[in-house]
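Thanks for coming. I'll take a few minutes to walk through one structure, starting with the sheet and ending with the metal site.

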Amino acid sequence: MGRMKEFPNEFYCDTDHKQLFSVMCEKSIDPLRRSTVVDHMKNIKHVEKKALKDKVAQLERNEELAPKIARQTDINSQLQM
Ligand SMILES: [Zn+2]
């Protein structure tokens with residue numbers, strides 16, 4: 001299980017079924033063969049999904065931050081008055 005810490009956001013370790021699950025592709029992978037995991041990471045579909053997910057996560061983060069930044073600006077302008 002320890003080796004999976006290398007890819008914490010891409011794979012989910014299912015300890016009950018002793019399987020590794022690609023979060024991106026929603027597909028299970030045999031974790032006993034490391035080459036399977038490495039090959040899977042090079043899979044174009046996986047790479048594309050990862051890129052898309054990163055992009056969405058980035059946009060979500062920006063949306064979360066936006067109101068805070070706006071509020072901060074309000075406070076600053078009020079302090080200056
Ligand atoms: Zn995948």
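Two strands count as paired here if DSSP finds at least two bridges between them. In general, strands of a sheet pair through backbone hydrogen bonds, either parallel or antiparallel. One caution before the details: this is a predicted model.

Between β1 and β2, which covers residues 19–22, the antiparallel pairing runs over four bridges. Within that pairing, Asp-14 sits opposite Gln-19 of β2.

Now the metal. Which residues coordinate the zinc ion? They are Ser-22 through OG, Cys-25 through SG, His-40 through NE2 and His-46 through ND1, at 1.9 to 2.2 Å. Along the sequence, these donor residues follow the spacing S-x2-C-x14-H-x5-H. The angles among the four donor atoms are 103 to 115°, and the site is tetrahedral. For reference, the ideal angle for four tetrahedral donors is 109.5 degrees.

Are the two histidines, His-40 and His-46, buried or exposed? Both are buried. Cys-25 has a relative accessibility of 18%, so this residue counts as buried too, because the cut-off for buried is under 20%. Cys-13, with a relative accessible area of 23%, is partly exposed.

Last, the disulfides: the structure holds zero of them.

How values were computed: Residues numbered from 1 in each chain as written. Predicted model: local features only at pLDDT ≥ 70, side-chain atom pairs only at ≥ 80, totals over all residues. Heavy atoms only, no water. Disulfide = S-S within 2.5 Å. Buried < 20%, exposed > 50% of the residue type's maximum accessible area, 1.4 Å probe, protein only. Donors = N, O, S within 2.8 Å, 3.2 Å for Na, K, Ca; no water. Tetrahedral: all angles 85-135°; square planar, octahedral: opposite > 155°, others 65-115°. Helix = DSSP H or I, 4+ residues; strand = E, 2+ residues; numbered from the N terminus.
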